[in-house]
Every structure is written in C-alpha cells, then in structure tokens.
Amino acid sequence: MGIVVGSTNPTKVHAVTRVFAALDVRPDGVLEVRGVAVPSGVPDQPLGVGETRRGAVTRARAALQQPGATWGFGLEGGVRFDRGGAWLFGIVAAARPGGVIHVTRTSELRLPPTVAARLRAGEELGPVMDEVLGTVDIKRGVGTVGAVTRGLVTRSAVWEQATALCIAPLLTPELYRVS
Ligand SMILES: O=P(O)(O)OP(=O)(O)OP(=O)(O)OC[C@H]1O[C@@H](n2cnc3c(O)ncnc32)[C@H](O)[C@@H]1O
C-alpha cells in the first residue's frame, strides 16, 4: 500500500501516518507513508473554504500520481473571515485510483484580532504567528492552535482527526454504498 501525502510538512505526514497505523489497514503488512512536495494550485495563504478545498484536492490528486501510490492525501490550511473575525481551519482530501475523492473539513480556531487584521491586509498566517510568538516555522510544529491552547490541541492532532473522518467511507464501504 503506497500512501502519499502531498506535502513535506511534518504535522501533515505525521497525522496520516498515525491514522493508518491506528487503523491497521495493511493487508501486505507494510506501512509506508511518504510526504512529497506538490503544487496546490492556490495562493500560499488560501482564503475561504472553496479556495482551500481546491488546494487540498489538487494536492491529493498530485500525490496519487506519485510512483506506487494507492492513496493520495492533500491537506490544505486556510483562513476565512466571518462574524468580524478570522477563522483558521483545514481541508483534508483523500484520492483513490479511479477518481474517487473524499473531502473533510477540520474543526476551526478563531484567530486573535490583531492577527486577523494583518491577514485582512494580505499577510500570510505562518510568518505573522512566528513574529507574534517569537517562533520559527510554528506551522511545521505545534501550529497556531497548539500555541493558543497551551499545547492541549496541536496542529497535527487536528489533521489526524479530520483524516480519520475523511477516510471513514473508504474503511466501511458497505455502510456508504448507494443502493
Ligand atoms: O508545506 P505545506 O504543505 O505547504 O504546509 P503549510 O503549512 O506551509 O501550508 P498550508 O497550505 O497547510 O497552510 C497555508 C498557510 O496557512 C498558514 N498556516 C496554516 N496553519 C497554520 C498554523 O497552525 N500556524 C501557522 N501558520 C499556519 C501558513 O502560513 C501556510 O503557509
């Protein structure tokens, strides 16, 4: 089974690895999850659900094109503006041979107002958070969610839950089959 994640971000590769390890869906006994940098086709800071979803699906399809891939995953972080604030969320897409694709949205986090204002002005969340927190590449570590929840919820944990939800129809196809 070749599981390819369309990213080298450890929070994403780790999340997909943990889901497959926990589910133990390894008919051949081998679990290999590879992270490969692929284009998302959307701006570095996707805005809104539609743009973020497109990025996730593009990454998933590109991941499935990699040699030996039987699952392609695209995980894309996005920000949306609503109710006067900015909300951080992600989309997980899983692509399988034959064109089947499943998509799930993560839970979301309200960003601090000063950060929201900078995003509205066109800045990208990662560098803004690193500047505010004095961190380096927090998006590849605990993430913004980890920083503001004192580590209770990490970025990888959020990806992990959404990845498990995303592939549920593929794990129990008998329950999802349309008769
Ligand atoms: O290497 P890739 O897969 O591109 O991972 P990424 O974290 O750079 O890219 P995403 O598409 O997941 O997220 C889009 C942008 O949103 C920002 N971002 C998303 N989640 C974040 C987090 O938890 N902390 C800081 N920045 C985050 C960051 O600036 C990203 O460039």
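**A tour of the strands and the nonpolar cores**

Begin by selecting strand S3, residues 71-82, a mostly covered element in which nine of the 12 residues are buried. The model on display is a predicted one.

S1 and S3 run parallel and are joined by three bridges. Within this pairing, Val5 faces Phe73 of S3.

Then move to the hairpin that links S3 and S4: two residues lie between the strands, and Arg83 adopts a positive phi near 50°.

Now turn to the largest nonpolar core, which comprises 31 residues. Highlight Ala60, Ala63, Phe73, Val92 and Ala94, the residues with the most contacts inside this core. H2 provides the largest share, with six residues.

Centre the view on Ala94. Which residues is Ala94 in contact with, leaving aside its neighbours within four places in sequence? The contacts are Ala60, Trp71, Phe73, Ile101, His102, Cys166, Ile167 and Leu170.

To finish, select Ala86, Leu111, Ala116 and Val128, which are among the 11 residues of another core, lying apart from the largest one.

How values were computed:
Residues numbered from 1 in each chain as written. Predicted model: local features only at pLDDT ≥ 70, side-chain atom pairs only at ≥ 80, totals over all residues. Core = buried A, V, L, I, M, F, W, Y, C linked by C-beta atoms within 7 Å. Buried ≥ 20, exposed ≤ 12 C-beta atoms within 10 Å, placed from the backbone. Helix = DSSP H or I, 4+ residues; strand = E, 2+ residues; numbered from the N terminus. Contact = placed C-beta atoms within 7 Å. Pairing = 2+ DSSP bridges.
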